[in-house]
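This report goes through a protein chain part by part. Please keep the sequence and the 3D view open while reading.

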Amino acid sequence: MLKDLMKNHSKFNVSQISFGGASLSGNGAGYGFGDISPKESLILLHSALGAGINIIDTAPIYGFGESEIRIGKAIKDRRDKAHIISKSGVSWHENKRVNMTNNPKEALKQLEESLIRLNTDYIDTYMVHWPDKKVDLLETLDVYLKAQKEGKIKYIGLCNTTNAELSKAQAYCNIDIIQSEVNIFNNQISNLDNLQNAMTMSWGTFDKGIISGSVAKDRTFDKSDCRSWAPWWKKSNWKEKVDKISKLNNFVKDTEFNLISFALGYNLSFVDTAICGFKNEKQLDQILKAMDSLPSLALIKEGMDYAHIK
């Protein structure tokens with residue numbers, strides 16, 4: 001079913017599909033996408049690893065730590081099979097009010113807490129989750145570099161970075177992986193000028209289910225799904241996007257492909273690995289089947305023009 005999921009990139013041997021750990025948040029709330037039990041999470045992670053998906057991306061805010069806890073249990077007896085990515089920069093108060101800061105003390109605290117939740121001695125790649133204008137990035141990277149020397153992290157990455165921050169970081173230390181939002185509606189990786197051969201990865205591959213066709217205008221979401229309450233979702237133009245995806249689907253129906261393969265084909269034209277937040281084995285199987293044959297970027301752009309997606 002799968003032609004070749006693995007891709008060599010300098011020191012990495014990575015899967016072109018990465019597991020999006022936000023899908024495991026369950027009723028932990030925070031940034032997550034609906035109910036999923038601990039048992040279901042464990043089975044799903046083992047299925048993904050068995051299929052050759054070796055990158056698992058997470059962050060503390062995903063389920064207020066629940067995603068990391070579930071990943072830790074899943075990799076307990078197969079730590080060497082997984083490349084774990086986590087991040088610092090988005091924490092929360094006791095009342096669950098979100099706090100965004102790259103303060104060095106907070107970065108160290110989050111790293112230590114993530115190691116405990118993941119039940120591991122090291123995290124493969126540790127990332128600065130978001131830029132912070134109030135904190136000098138180099139102070140945060142100093143925490144990372146010390147942790148790297150201590151063996152607590154192997155590689156350093158930036159997520160949602162800017163050209164200015166990226167250049168500053170690259171002049172200071174090796175930036176091994178860069179993660180940005182990339183999909184047919186928003187390609188942030190294309191805005192970065194000098195990647196210096198860093199491995200690239202995309203989040204938002206299916207734009208929270210819109211591009212895969214799983215979000216309809218009348219769909220309701222679990223209370224634990226951030227799409228049921230998040231102001232940024234309610235204020236977004238997601239319904240307009242749903243209309244455009246409906247038009248794109250009309251175009252896709254006349255090809256040998258589907259919406260999932262169009263989404264993956266687009267992203268993998270720009271990045272080394274695409275994060276996919278599947279929640280069950282059916283969705284995993286759909287992604288794996290789509291990877292057998294991806295449309296050309298030229299065909300994808302023809303479909304985007306048809307659907308008036310710019």
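Buried means under 20% relative accessible area, exposed means over 50%, and partly exposed is in between. The model discussed here is a predicted one.

## Salt bridges across the chain

A search of the whole structure finds 13 salt bridges. One of them joins the side chains of Asp 243 and Lys 217, at 2.9 Å from N to O. Asp 243 lies in helix H7 (residues 238-252), while Lys 217 lies in the loop between strand S12 (199-203) and helix H6 (231-234), so the pair ties together parts that are 26 residues apart in sequence. With a relative accessible area of 37%, Asp 243 is partly exposed, because this value falls between the limits of 20% and 50%. Lys 217, at 43% relative accessibility, also counts as partly exposed.

Lys 87 and Asp 57 are both buried.

What separates Arg 70 and Glu 66 along helix H2? They are four residues apart in H2 (residues 66-74), which means a separation of about one helical turn. An α-helix has 3.6 residues a turn, so residues three or four places apart point the same way.

Glu 66 has a relative accessible area of 22%, so it is partly exposed.

## Asp 124 in strand S8

Asp 124 is found in strand S8 (residues 123-128). Is Asp 124 buried or exposed? Asp 124 is buried, because its relative accessible area is 5% and the limit for buried is under 20%.

The side chain of Asp 124 makes a polar contact with the side chain of Arg 79, at 2.8 Å. Leaving aside neighbours within four places in sequence, Asp 124 is in contact with Arg 79, Ala 82, His 83, Ile 84, Ile 153, Lys 154 and Tyr 155.

Ser 91 lies in strand S6 (residues 90-92) and counts as buried, at 6% relative accessibility. Its side chain makes a polar contact with the side chain of Glu 106, at 3.4 Å. Not counting residues up to four places away in sequence, Ser 91 touches Ile 61, Arg 97, Val 98, Asn 99, Glu 106 and Gln 110.

Val 98, one of the residues touched by Ser 91, has its place in strand S7 (residues 98-100). Val 98 is partly exposed, with a relative accessible area of 42%. Together with Met 100 and Trp 130, Val 98 makes a nonpolar surface patch of about 290 Å².

## Thr 200 in strand S12

Thr 200 is found in strand S12. At 5% relative accessibility, Thr 200 counts as buried. Which residues does Thr 200 touch, not counting residues up to four places away in sequence? They are Ile 178, Ile 189, Leu 195, Phe 270, Val 271, Asp 272 and Thr 273.

Thr 200 and Ser 180 are 20 residues apart along the chain, and their C-alpha atoms are separated by 8.0 Å.

## The two sides of helix H10

The buried residues of helix H10 (residues 297-306) are Ile 300, Gly 303 and Met 304. Why are they on the same side of H10? They cover an arc of only 100° around the axis, and this puts them on the same side. On the other side of H10, Ala 298 and Asp 305 are exposed.

The cover over the buried residues of H10 includes H7 and helix H8 (259-267). Just after H10, His 308 takes a positive phi of about 60°.

Definitions and conventions: Residues are numbered from 1 along each chain as its sequence is written. This is a predicted model: local features need pLDDT of at least 70, side-chain atom pairs count only at pLDDT 80 or more; totals for chains, interfaces and linings use all residues. Side-chain values use heavy atoms; hydrogens and water are left out. Buried means under 20% relative accessible area, exposed over 50%, partly exposed in between (1.4 Å probe, protein chains only). A polar contact is a pair of N or O atoms within 3.5 Å; within protein, one must be able to donate a hydrogen and the other to accept it, and residues adjacent in sequence count only if both atoms are side-chain atoms. Contact means heavy atoms within 4.5 Å. Patches are made of residues with over 30% relative accessible area and no salt bridge: like charges are joined within 9 Å, nonpolar side chains (Val, Leu, Ile, Met, Phe, Trp, Tyr) within 5 Å. Accessible areas come from the Shrake-Rupley method with a 1.4 Å probe; for residues, only the protein chains shown count as cover. A salt bridge is a side-chain nitrogen of Lys or Arg within 4 Å of a carboxyl oxygen of Asp or Glu. The arc is that of the directions from the helix axis to the C-beta atoms.
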